[in-house]
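Subject: Structure for you to look at

Hello,

Here is the structure I promised to pass on. Please open it alongside this message, and read my notes below as you go.

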Amino acid sequence: MCAFRGARKECAVIMIIANLLINNVETLGLIKNNLFYSFDNMNIKAKNLNELIDNYSLDELNKLIKYENGIEYNNFNFLAPITIPKQDVLCLGLNYQKHCEESARFKLEKLEERVEPVYFSKRVNYMNGPYDYIDPHFNIVDSLDYEAELAFIIGKDCYNVNKNDAYDYIFGYTIMNDVSARNIQTKHKQWYLGKSLDTYTPLGPVVVTADVFDPNGVSIKSYVNGELRQDGNTSDFIFPIDFVIENLSEGMTLKKGTIVSTGTPAGVGMGYNPPRFLKSGDVVRCEIEGIGYIENRIK
């Protein structure tokens, strides 16, 4: 079900955090060597990832981790690492140059130099799991699209943070598919509604903690029915993560647990001529080096 590609830098304990449904209970723990180790067995008290981030720093967790009494995880469903976000997901739009170009072509707009970042948010009442179905809402949507993205989760409140210190405020990284209804997105001009329909935010499969993952220069890809569609790299960010944290925290507190998604590379459905939007039965896979992949079927 899952593919984990390992960490990108050395650390005392490699933490790959997963959220499984075990006996109908959301159960948080660690993945190691194809086994799942529940935090309950480590005397780490957290019912969900939000509670974990609220109550423990990465340094504190590293001291408490014990890989004992592991169980095979293949018989359990993976939930999104955070099933109920504390607030809307913050997103960057048009953060890869070639995606800017394909977006301008689709919207018949003039391509302009990206001087300032584009921010928007997604309303998520319940985060779609990494292998759940996506409800396309075809009764109101005629142009369903995919966007593979690297997302990060804030680990401690930050306000007026200098970019040199920005990475110290990140708890971990995960994968998000910024599913988008293009007809609604373009009709309303503001992207909020077209990005926020139920099940439009698959997340997972795990969170790789910031002390073992370097987000710079990692491959990001998407596939539709096995066909490679997006093939990008975070080295192509127009606005890198440290700048984003500095920029967002100027005058606005980013609370711990906040999810920030960093934008998508070229190759989305609207970028093709003619556009190649999703249809019922399609399987979308979003993959990021060092984290794994999420894979969702369109109902």
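A residue is called buried when its relative accessible area is under 20%. Ser121 has 17% relative accessibility, so it counts as buried. Keep that cut-off in mind, since it comes back below. Please also note that this is a predicted model.

**Ser121 and its surroundings**

Ser121 sits in strand β7, which covers residues 118–122. Leaving aside residues up to four places away in sequence, Ser121 touches Asp88, Val89, Leu90, Tyr192 and Ser196.

**The chain as a whole**

The protein chain has 6 helices and 17 strands. Of its 299 residues, 56% are buried. The C-alpha trace spans about 55 × 45 × 30 Å along its principal axes.

The accessible surface is about 13,400 Å². Carbon and sulfur atoms hold 44% of that surface. As for charge, there are 31 positive and 39 negative side chains. The centres of the two sets lie 3 Å apart.

**Strand β1 and its partners**

Start with β1, residues 16–22. Which strands pair with β1? I found these:

- β2 (residues 25–32) runs antiparallel to β1, joined by 6 bridges. Leu20 has Thr27 as its bridge partner there.
- β12 (residues 203–209) is also antiparallel to β1, with 2 bridges. Here Ile16 stands opposite Val208.
- β5 (residues 77–78) is antiparallel to β1 too, again with 2 bridges. Leu20 stands opposite Phe78 in β5.

β1 and β2 form a hairpin with 2 residues between them. Asn23, in the turn, has a positive phi of about 55°.

**A second hairpin**

Now go to β13 (residues 219–224) and β14 (residues 227–233). They pair in the antiparallel sense over 6 bridges. Val224 has Glu227 in β14 as its bridge partner. This hairpin has 2 residues between the strands, and Asn225 takes a positive phi near 55°.

**Helix α3**

Helix α3 covers residues 97–107. Its buried residues include His99, Cys100, Glu102, Ser103 and Ala104. In an α-helix, residues three or four places apart point the same way, because there are 3.6 residues a turn. After α3 comes Leu108, with a positive phi near 55°.

Leu150 is in strand β9, residues 148–154. Its relative accessible area is 0%, so Leu150 is buried. Leu150 and Val260 are 110 residues apart along the chain, yet 8.7 Å separates their C-alpha atoms.

Pro274 lies in the loop between β15 (259–261) and β16 (283–288). Is Pro274 buried or exposed? Pro274 counts as exposed, at 59% relative accessibility. Pro274 and Asp145 are 129 residues apart along the chain, and their C-alpha atoms are separated by 13 Å.

Best wishes

Note on methods: Residues are numbered from 1 along each chain as its sequence is written. This is a predicted model: local features need pLDDT of at least 70, side-chain atom pairs count only at pLDDT 80 or more; totals for chains, interfaces and linings use all residues. Side-chain values use heavy atoms; hydrogens and water are left out. Two strands pair if DSSP finds at least two bridges between them. Helices (H or I, at least four residues) and strands (E, at least two) are DSSP runs, numbered from the N terminus. Buried means under 20% relative accessible area, exposed over 50%, partly exposed in between (1.4 Å probe, protein chains only). Accessible areas come from the Shrake-Rupley method with a 1.4 Å probe; for residues, only the protein chains shown count as cover. Lys and Arg count as positive and Asp and Glu as negative; His and the chain ends are not counted. The place of a charge is taken as NZ of Lys, CZ of Arg, CG of Asp or CD of Glu. Contact means heavy atoms within 4.5 Å.
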